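Please examine the sequence together with the 3D structure shown here. Some questions about it are then posed and answered.

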Amino acid sequence: MSTGPGAASAPAPATHDSPSAHDNHRTPTAPASAEPLERPEPRKSSMFSSLRVRNYRLFFLGQVVSNTGTWMQRIAQDWLVLSLTGSSTAVGVTTALQFLPMLLFGLYGGVLVDRLRKRPTLLVTQAAMGATGLILAFLTLSGHVQVWHVYLAAFAVGLATVVDNPARQSFVSEMVGPRQLQNAVSLNSANFQSARLVGPAVAGVLITGVGTGWAFLFNGLSFLAPIAGLLLMRARELHVVERAPRGKGQLREGLRYVAGHPELIWPIVLVGFIGTFGFNFPVWLSAYADDVFHAGAGAYSLFNTLMAVGSVTGALLAARRGTARLRVLIAAAALFGALELVAAGAPSLWLFSLLMVPIGIFGLTVNVTANTAVQMGTDPAMRGRVMALFMMVFMGGTPLGAPVVGWITDTFGARVGFAAGGLVSAAAAVTIGLILARSGGLRLAVGWQHGHPRMRFVPREQQEQPATASA
């Protein structure tokens, strides 16, 4: 789990391919305004280039199996709670309990990750999550399971995720180094989204055929794959990162570090807005399937499948880009919000369904680009704390925004609810883009190129030169 041509970008992380970044395994964190305004375009990498790294290949293959099991458990867990209680509210409580530890303890998890070695830490967290699946399998198959058992298991998985998520995110850079980080992060996302296509389908077959307990059993056993991959890695081939020493005030130090780096704080703020208001698809898609198009569960499944296809496509396209540029992040976020606005007014089921694919592409592009930009712009000694903040904002925002978005959808209708999420996402992208452009000494220039209109950010002096010359 989990750039394109044009004028100069807004403030962005230091160039990922610089020799100093590769040799020292540290990314410069100079102010963004000090960066060159025009840079040569990065060479596009092979879509699967990071898989040439043996350690990452072992990690990736383990995650293929584990992510499939994770999606199977999500479906089985919700179905079991619904079967035991007959209450959709109880299903919501289960989801909330799984996210609650990240909201409460996410930043402390980042502090721990910066102090600990990543590979042994991941061995512990992966084993703990596998154990919860096996315990649920035993309770369910023996007929002794109660709803509080599922609540406790969901909370336990959430606690493990507090440490597992930032450790996994920051360990990627130790496996592949700065040159391959964008590619590896993108492939991780493609891995997770591909499992989203396979896991629920397999879970459905198991639940229908032999019961939910077998889905839990598969998930528990699936963690043997990433554990084996971690044990088979060659420690000498990892990129060494200095760990943070134990000390007081490290949490505050991490927050001050992010606050002092605009190239970090603004991507985190942006994914916070989009995660809170733009990613509430369970609320919207179920309402569209039931209330707008009156098409039932089949349409809901179709919407989710097409969005997953778009997400996989977006992840693979991101894997071909050599670096993460903030201009790509801003553009993808703006297009994501705009497409949600268009989909909100879609008159037919098929048009709405087709729009799920580009929404999935640009939503995943936002996630991957922000993730990579934040990792590459962070001092390795701070990476655990910064990524914990990133994941807390991104993952924790949706449960907070869901009640608000749900109230708007119930009160004013699905179309208004979906449009509101898209409007907030687009407005956040435009606002943050203008802030970054202004802080980087850029202006928006509108002109014509080869007979077509073109908008781009240029240095202030470049836009003002014609007026000076005419004078």
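This is a predicted model: local features need pLDDT of at least 70, side-chain atom pairs count only at pLDDT 80 or more; totals for chains, interfaces and linings use all residues.

Residues are numbered from 1 along each chain as its sequence is written, and side-chain values use heavy atoms, with hydrogens and water left out.

Q: Is α2 roughly parallel or roughly antiparallel to α5?
A: The axes of α2 (residues 54-85) and α5 (residues 147-176) come within 13 Å and cross at roughly 160°. Angles under 35 degrees count as roughly parallel and those over 145 as roughly antiparallel. Therefore α2 is, relative to α5, roughly antiparallel.

Q: How many nonpolar, polar and charged residues has the contact of α2 with α5?
A: Residues in contact have heavy atoms within 4.5 Å. Tyr56 and Phe59 are among those of α2 that meet α5, whose partners include Val150 and Arg168. By class, the contact of α2 with α5 has 10 nonpolar, 4 polar and 1 charged.

Q: Which residues does methionine 356 touch, not counting those up to four places away in sequence?
A: Met356 is one of the residues touching the most other members in the largest nonpolar core, which has 54 residues. Such a core joins buried nonpolar residues through side-chain atoms within 4.5 Å. With that sequence limit, methionine 356 touches Leu285, Phe303, Leu306, Met307, Ala343 and Phe418.

Q: Is histidine 294 buried or exposed?
A: Histidine 294 lies in the loop between α11 (281-292) and α12 (297-319). Buried means under 20% relative accessible area, exposed over 50%, and partly exposed in between (1.4 Å probe, protein chains only). Because its relative accessibility is 63%, histidine 294 counts as exposed.

Conventions. Helices (H or I, at least four residues) and strands (E, at least two) are DSSP runs, numbered from the N terminus. Axes are lines fitted to C-alpha atoms, for helices over the stretch in contact, and angles run from 0 to 180 degrees between N-to-C directions. Angles under 35 degrees count as roughly parallel, over 145 as roughly antiparallel, 65 to 115 as roughly perpendicular and the rest as oblique. Ala, Val, Leu, Ile, Met, Phe, Trp, Tyr, Cys and Pro count as nonpolar, Asp, Glu, Lys and Arg as charged, and the others, Gly among them, as polar.
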